[in-house]
Amino acid sequence: MVIGVRSMTDAIRLKNLLTGKGIRAAIVQTAGEKLRGGCAYAVEVPSAALGEAERMAAGAGIMLLGVRRSEGG
Amino acid sequence: MIYLDNGATSFPKPPAVSREAERCLLYYAANAGRGAHRMSVTAAEKIWETRERLAALFHVKTPERIAFTQNCTEAINIGLKGILRGGDDLLISEMEHNSVYRPGLALSGRGVKTLMIRCDEEGVVSPASVLREITPRTRMICLQHASNVGGGINPIREIGRIARERNIIFMVDAAQTAGTVPIDVEADCIDLLAFPGHKGLLGPQGTGGLYVREGISIKPLREGGTGSASESADMPEFLPDRLEGGTVNLPGIAGLSEGVRFILEKGVEKIGSHERRLCEHFMHRISDIPELRILGPVNGESRVGLVSVVAKGKNAAEIADALDKKYGIAVRAGLHCAPLAAAHFGILSEGSVRFSPGIFNSIEEMEYAARALGEILHT
């Protein structure tokens, strides 16, 4: 799953939080029209980790701009 | 050259500082936050690493509340001009550097009144003197943590509590203390912390930063691209993007990261203690030179690692010139961009000679400097 965030700083924060918990995460560039807010940065996580990623983001005050399925998966 | 001008900018830097700045320029100097290709992500991660290290140093819980600036002066300008409005009172001390004094005065054109807090004869602010100047319109207290002329350390924790209890914003100018005196933004009740990257933090010039406490509303000093919320005509509301319009100084920040790492590993207390020990030795060695006045606190523990002296009948610039030309010692002479402090000490016409050692100086070098000063004044 690809989670859109509002800035590169937030993308790094979210990625670091997730990888710190042992969750695989990578920063990716995303087409703005596919996510709300015209975001250009996103963090890709396994589908199973989406709920945990959303909880961790909320706890850290990271605003999520939308979620979509990863390309090819 | 024996470099004793660390109060102006630190030299030398830990070798890792220049190595990382060079590594950045060679391998990952992409534009951070303006793309998500690998090199841009690497650049952004380096910037985040630096924010995290600074946050650890200053006990900041949220690294994203630290915005990078080009120096401490810019950070102070953002803090003052981004918050104060017509009708507000600003409290500063009568020892402030021009980095506070000038923007404070410039705000008078917008209806902000700057009031001066009195200092004692050693150039230090007391909590009681702060209390005396607070008015119902006081919106902000902006104080230097330590004087770049007298070296006296202000009791920021007590003053911070006074400000917090009265809902007054407290900004600290840490130009002379970041990296050498412990700073805890939570315990010290600091709302805004302005700091240079190139002095005690041992980073390259062109670096600095501003910490802004959560809940403080601040306007940017400049608008521009941030790589975020690009569809909006307004600057983002969130930090650090709100205050970082335009491309940041990535090679400088990369070097700064290593400077801060050096400090975190060595320890702020240890670095400050070393510099104070050097100054105490120096002060002891020059104490018997007649007609020489040492500015600031007598007690070495109450000051940062700098010693400013005034020699009766001798021009400060001539002494500094002789130290440079005859002895290979680099010091600073004059008003040190702090005419308020010079006026406080009554040396506005002659200025002072400032010796400011750093972490890489030795007792032997201070011994040599003391001997050189004695010889110059006796000839």
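Student: How many residues apart are B:E20 and B:R23 in helix α1 of chain B, and what does that spacing amount to along the helix?
Tutor: B:E20 and B:R23 are three residues apart in that helix, so about one helical turn separates them. Please note that this is a predicted model.

Student: What do the side chains of B:E20 and B:R23 form when they meet?
Tutor: They form a salt bridge, with an N to O distance of 3.2 Å. Over all chains, a search of the whole structure finds 27 salt bridges.

Student: Staying with α1(B), at what angle does it pack against helix α2 of chain B?
Tutor: The angle is about 160°, and the axes of α1 (residues 15-28) and α2 (residues 38-58) lie 11 Å apart. The two helices are therefore roughly antiparallel to each other, since angles over 145 degrees count as such. As for handedness, α1(B) passes α2(B) in a left-handed crossing.

Student: Which residues meet there?
Tutor: From α1(B) come B:E20, B:Y27 and B:Y28, and they meet B:M39, B:T42, B:A43 and B:K46 of α2(B). Sorted by class, this contact has four nonpolar residues, one polar and two charged.

Student: Now the interface. How many residues of chain B are in contact with chain A?
Tutor: There are 18 residues of chain B in contact with 13 residues of chain A. The area buried between the two chains is about 1200 Å², and carbon and sulfur atoms give 58% of that area.

Student: Which three residues supply more than any other three of the area that chain B buries against chain A?
Tutor: They are B:A36, B:W48 and B:F238, which supply 38% of the area chain B buries.

Student: And how many salt bridges are there between chain B and chain A?
Tutor: The count is two. One of the salt bridges joins the side chains of B:E45 and A:K15, at 2.5 Å from N to O.

Student: Next, helices α9 and α11 of chain B. At roughly what angle do their axes cross?
Tutor: They cross at roughly 115°, and the axes of α9 (residues 316-327) and α11 (residues 363-377) come within 10 Å. This crossing is right-handed. On the α9(B) side, the contact is made by B:I319, B:A322, B:L323 and B:Y327, while α11(B) contributes B:Y368, B:A372, B:L373, B:E375, B:I376 and B:L377. The classes are nine nonpolar residues, no polar and one charged.

Student: What of helices α3 and α4 of chain B: within what distance do their axes come?
Tutor: The axes of α3 (residues 72-81) and α4 (residues 98-106) come within 9 Å and cross at roughly 35°. Here too the crossing is right-handed. B:T73, B:I76, B:N77, B:L80 and B:K81 in α3(B) meet B:S99, B:V100, B:P103 and B:G104 in α4(B). By class, that gives four nonpolar, four polar and one charged.

Student: One last topic, the backbone. Is the peptide bond from B:F11 to B:P12 cis or trans?
Tutor: That bond is cis, with omega near -5°; B:P12 lies in the loop between β1 (2-3) and α1 of chain B. The bond from B:L239 to B:P240 is also cis, with omega near 5°, and B:P240 lies in the loop between β8 (208-212) and α7 (250-266).

Student: And is phi of B:C189 positive or negative?
Tutor: Phi is positive, near 55°, although this residue is not glycine. B:C189 is found in the loop between β6 (169-173) and β7 (192-196) of chain B. Most residues other than glycine have a negative phi, and most peptide bonds are trans.

Technical notes. Residues numbered from 1 in each chain as written. Chains lettered and ligands numbered in written order. Predicted model: local features only at pLDDT ≥ 70, side-chain atom pairs only at ≥ 80, totals over all residues. Heavy atoms only, no water. Axes fitted to C-alpha atoms, helices over the stretch in contact; angles between N-to-C directions. Helix = DSSP H or I, 4+ residues; strand = E, 2+ residues; numbered from the N terminus. Parallel < 35°, antiparallel > 145°, perpendicular 65-115°, else oblique. Left-handed = near helix turned anticlockwise from the far one by under 90°. Contact = heavy atoms within 4.5 Å. Nonpolar A, V, L, I, M, F, W, Y, C, P; charged D, E, K, R; others polar. Buried area = accessible area lost by both parts, 1.4 Å probe. Salt bridge = Lys/Arg side-chain N within 4 Å of Asp/Glu carboxyl O.
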